[in-house]
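Visitor: I would like to go through the charged side chains here. Could you show me the model?

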Amino acid sequence: MADFGCLDTDIPFDVLSRLQTKDLLGLKCVSKGWKDLISDRSFIQAQSQKKEPLSGFFFQQRHRYCPDDIKTITYFPVERNILQQDVFAFLPQDVVVLASCNGLVCCRSCYPFEDPAIYVCNPLNSEWWKLDWKEPGKESFIALAFNPFQDISVNLTNFKVVRPRQFETEQEEAYFSFEIYASGTRNWKLSKEVCWCDNSLSKNEGIFSGGILHWLTDGDQILTFNVENELALLISTPLPAGEFNSRPHACIGESEGQLYYVLISEEGLHVWVLEDYFDSTWSLKYSKTLAQIEKEHSDIMINLYNRVMLWQRIDDRPWMDPLAFKDGVLVVRISNTIYLYHVDTSKMEEVGETSKFGAMSWVSPIVLPYTMSLVPLGRQLGSP
């Protein structure tokens, strides 16, 4: 342990790099040598070559009518029933979370803007990167692309921020353009690619999977953008909303490098995985009726079908709303309570009543999955 001169052949390097990030945090305190090793870029590059488990979710409220942003961001881990609200205290200003990708989080300044900026940060090591933002806006569909298997080098952490923007021609035809920021060049550029689409983006979901960003629309389509090739494509959802008697509610997510589509309707809970982009081919992975879900969780659910069907006649917010999905774990709001639903086991865990997250937590909140990472961004790049 005294000689760390040749890290890639060192036994501690080989052993420790096999551990998950959460296990390495405490080991930094063992000795200065271990701390230096775990903080070394070569070590982080090697340790990042394996998939990290889901750590938790970020939750941020949004006003329904007021334009001002709500500053409180709540984090809840999947393994412990606690709520944390100081995760982003290291940033120079209050922010709205926009995207989370393999340990990095993208945020923007809260509105009303004083010094508008976009930040890419790592909450685990409190390092951050400030991006120029020449045309600030309140839109929340900016997405982040970062692949830890190939985007960490000895000198730089490579990531891209993609800003989709919808415009309309004089003929009232709508299309999306894509602005891209690359950490390698530290500049924005406008992609030549456009995607004609009349639907609007919804639910703040810029899901990065297999090198492609995905956004759910308010129609029966998902907007996709290949970050490397800069090619956009619209894919159809598994089922059109018009097939249901009541309005279904959906979200998209990622698991094992594949895109998943989660739908809750009067027919129950259904989860599909995308098999083919060009043919919009989906495979149904999970399906349960509302009656089955109620029977399995009779201690917390009564008359689930009637509530799902009738509630929309008196309120525009659904009784059951899928908020985020990652690695088989669904964040779902049922009435005024947030739950974690484990699709593989049908286990449901209560996170807390919506009042714990804030008074406006039932109004289309931003919910993002988070996985831990040691990836460095460089403190010198985080100076104002």
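Guide: Glu254 is buried, and so is Lys326; buried means under 20% relative accessible area, exposed over 50%, and partly exposed in between, with a 1.4 Å probe and protein chains only. This is a predicted model, in which local features need pLDDT of at least 70, side-chain atom pairs count only at pLDDT 80 or more, and totals for chains, interfaces and linings use all residues. Residues are numbered from 1 along each chain as its sequence is written, and side-chain values use heavy atoms, with hydrogens and water left out.

Visitor: What do the side chains of Glu254 and Lys326 form?

Guide: They meet in a salt bridge, at 2.3 Å from N to O. The term denotes a side-chain nitrogen of Lys or Arg within 4 Å of a carboxyl oxygen of Asp or Glu.

Visitor: Where do Glu254 and Lys326 lie?

Guide: Glu254 is in strand 15 (residues 249-255) and Lys326 in strand 19 (residues 320-326), so the pair ties together parts that are 72 residues apart in sequence. Strands (E, at least two residues) are DSSP runs, numbered from the N terminus.

Visitor: Is Arg18 buried or exposed?

Guide: Arg18 is exposed, at 59% relative accessibility, whereas Asp14 is partly exposed, at 39%.

Note on methods. Helix = DSSP H or I, 4+ residues; strand = E, 2+ residues; numbered from the N terminus.
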